[in-house]
Amino acid sequence: MTIQHSPARPSARDFPIVIVGAGMAAYALARELRKRDRDTPLLLVTADAGTVYAKPLLSNALAAGRDAGQLASAGAAEMAAVLDITILSHTRVTGIDTAACAIDTTQGRIGYGRLVLALGAGARRPQLQGDAAHDVIAVGHLDDYALLRRRLDALGRPAHIAILGAGLAGCEFAEDFAAAGHRVTLVDPARRLLAQLVPPPLSLALLRAWRALPIAVRQGHAQAVQRAGDLLRLQLDDGSMLDADLVLAAIGSRPNAALAREAGLATARGILVDGYGRASAPGVYALGDCAEYESGAGTLLRPGVAALQAAARALAATLCGTLTPIEDEPVLTLKSPLCPIAVCAPAPGTHGEWQLAHEDQRSIARFVDDGGVLRGFALTRPAPALRRALMAQLDRAVAVA
Ligand SMILES: Cc1cc2nc3c(=O)[nH]c(=O)nc-3n(C[C@H](O)[C@H](O)[C@H](O)COP(=O)(O)OP(=O)(O)OC[C@H]3O[C@@H](n4cnc5c(N)ncnc54)[C@H](O)[C@@H]3O)c2cc1C
């Protein structure tokens with residue numbers, strides 16, 4: 001990808017910085033920009049209501065008894081006033097014209113001086129046969145959590161919830177639902193929890209921590225889901241059936257890159273950006289879950305809150321005139337009250353092995369490549385100092401282009 005350094009248009013300052021999206025990335029950038037510059041007009045355009053909420057809380061909210069309204073910390077109007085920006089909510093961007101420096105929206109065409117795409121990622125839905133495929137819930141947004149709560153409230157009794165996917169989100173939901181009094185069956189093609197992120201001893205540590213909770217783990221691949229009276233009947237690939245009141249999909253997310261792709265911007269899984277957050281057209285940037293970073297070893301998605309906050313800080317500086325590289329923030333944490341686990345997964349395709357150690361009642365797994373270099377780690381009961389020490393040893397080979 002060739003990055004052009006010229007401004008989007010000669011008179012960029014006469015037009016607003018337009019941020020598309022109103023998730024944590026968009027609002028983090030708007031806040032960082034306003035810390036540096038109170039004057040440049042900022043316009044935030046979003047397909048949703050523009051409600052501010054911490055998305056990671058969605059998988060920890062049920063046991064705490066919090067409904068969707070309680071997770072929302074501010075509305076679009078309040079944010080517009082606090083940050084002195086304009087917010088167009090319920091407005092979908094349908095096209096980007098990089099030559100004319102304009103976006104097309106459901107409210108008409110808007111010119112931009114600089115354009116920042118903070119489009120996030122959509123929760124992946126499983127491809128299931130059967131008449132109840134549309135009843136499967138995927139919680140990737142506050143509105144999905146509100147739907148989940150409505151379904152549970154309508155039952156009026158503890159539910160049996162089948163969760164597809166035993167990754168970070170699936171495991172967090174499982175523990176949260178079980179702690180809230182529901183029964184959970186976690187279904188995953190792998191034989192163990194967090195199989196793509198941690199070595200077997202750490203999967204086992206989590207399973208042991210759940211001993212007293214009503215969580216069953218079942219190996220399998222869901223193929224179909226049918227209505228069976230008031231229940232949903234899952235059919236797994238070994239031919240077995242599983243009846244549940246609710247089925248939740250937690251099988252990951254897919255960066256929202258279609259809009260950028262259709263506009264001719266360079267994309268892979270996400271919108272390709274360099275180490276400064278610049279996309280392939282002048283004056284266009286991306287951050288958050290929709291962005292994919294070019295690195296020395298290939299490209300890298302950087303999901304998660306720490307990564308988007310680092311990107312927002314650097315991008316704000318860049319947009320204000322100081323070209324600033326974005327720091328890599330690769331650690332994600334399983335927010336399990338019983339067994340928190342910090343994970344920095346090695347880049348896919350890295351050759352090496354996990355080396356396990358036990359120190360101070362915690363398990364530490366280091367992923368070391370064939371040359372003896374630390375490429376990833378996972379640890380239970382993560383202490384900030386230890387996490388920092390591991391981060392300092394880490395070599396992720398991320399080059400700033
Ligand atoms: C259940 C769950 C638990 C999580 N837990 C953690 C955790 O513990 N730690 C952690 O670091 N991360 C966690 N994450 C991930 C983290 O929440 C995300 O990385 C982060 O919220 C992404 O923010 P974003 O702003 O990039 O995207 P989003 O929040 O997805 O925002 C995208 C925005 O773009 C808007 N949009 C999309 N398309 C258009 C369009 N065409 N026109 C206009 N607007 C558009 C949407 O309406 C939305 O406002 C979790 C995620 C989930 C789902």
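Reader: Which residue in β2 is the bridge partner of I17?

Author: The bridge partner of I17 in β2 is L42. Please keep in mind that this is a predicted model, in which local features need pLDDT of at least 70 and side-chain atom pairs count only at pLDDT 80 or more, while totals for chains, interfaces and linings use all residues. Residues are numbered from 1 along each chain as its sequence is written, and side-chain values use heavy atoms, with hydrogens and water left out.

Reader: In what sense do β1 and β2 pair, and over how many bridges?

Author: β1 and β2 (residues 42–45) pair in the parallel sense, over four bridges; strands are said to pair if DSSP finds at least two bridges between them. Helices (H or I, at least four residues) and strands (E, at least two) are DSSP runs, numbered from the N terminus. From β1 the chain crosses through helix α1 (residues 24–36) to β2, in a right-handed β-α-β crossover, meaning that with the strands pointing away from the viewer, the path from the first strand over the helix to the second runs clockwise.

Reader: And which residue in β9 stands opposite V18?

Author: That is L115, and β1 pairs with β9 (residues 114–117) in the parallel sense over four bridges.

Reader: Which way do the β1 side chains point, and are they buried or exposed?

Author: I17 and I19 point one way from β1 (residues 17–20), V18 and V20 point the other way, and all are buried; buried means under 20% relative accessible area, exposed over 50%, and partly exposed in between, with a 1.4 Å probe and protein chains only.

Reader: Which residues touch the most other members of the largest nonpolar core?

Author: I19, L29 and L117 do, in a core of 57 residues, where a nonpolar core is a set of buried Ala, Val, Leu, Ile, Met, Phe, Trp, Tyr and Cys residues joined through side-chain atoms within 4.5 Å. Apart from it lies another core, of 41 residues, with A166, F177, V184 and L202 among them.

Reader: Switching topic, where does D245 lie?

Author: D245 lies in the loop between β17 (241–244) and β18 (246–249), and it counts as buried because its relative accessibility is 12%.

Reader: What does its side chain reach at 2.7 Å?

Author: The side chain of D245 reaches the backbone nitrogen of H160 at that distance, and it also makes a polar contact with the side chain of R157 at 2.9 Å. A polar contact is a pair of N or O atoms within 3.5 Å; within protein, one must be able to donate a hydrogen and the other to accept it, and residues adjacent in sequence count only if both atoms are side-chain atoms.

Reader: How many salt bridges does the structure hold?

Author: The structure holds eleven, a salt bridge being a side-chain nitrogen of Lys or Arg within 4 Å of a carboxyl oxygen of Asp or Glu. In one of them D274 meets R278 at 2.8 Å, N to O, and both of these residues are buried. Salt bridges that share partners also join D97, D104 and R109 into one network.

Reader: How far apart are the closest N and O atoms of R109 and D104?

Author: They are 2.9 Å apart. R109 counts as partly exposed because its relative accessibility is 49%, and D104 counts as partly exposed because its value is 27%.
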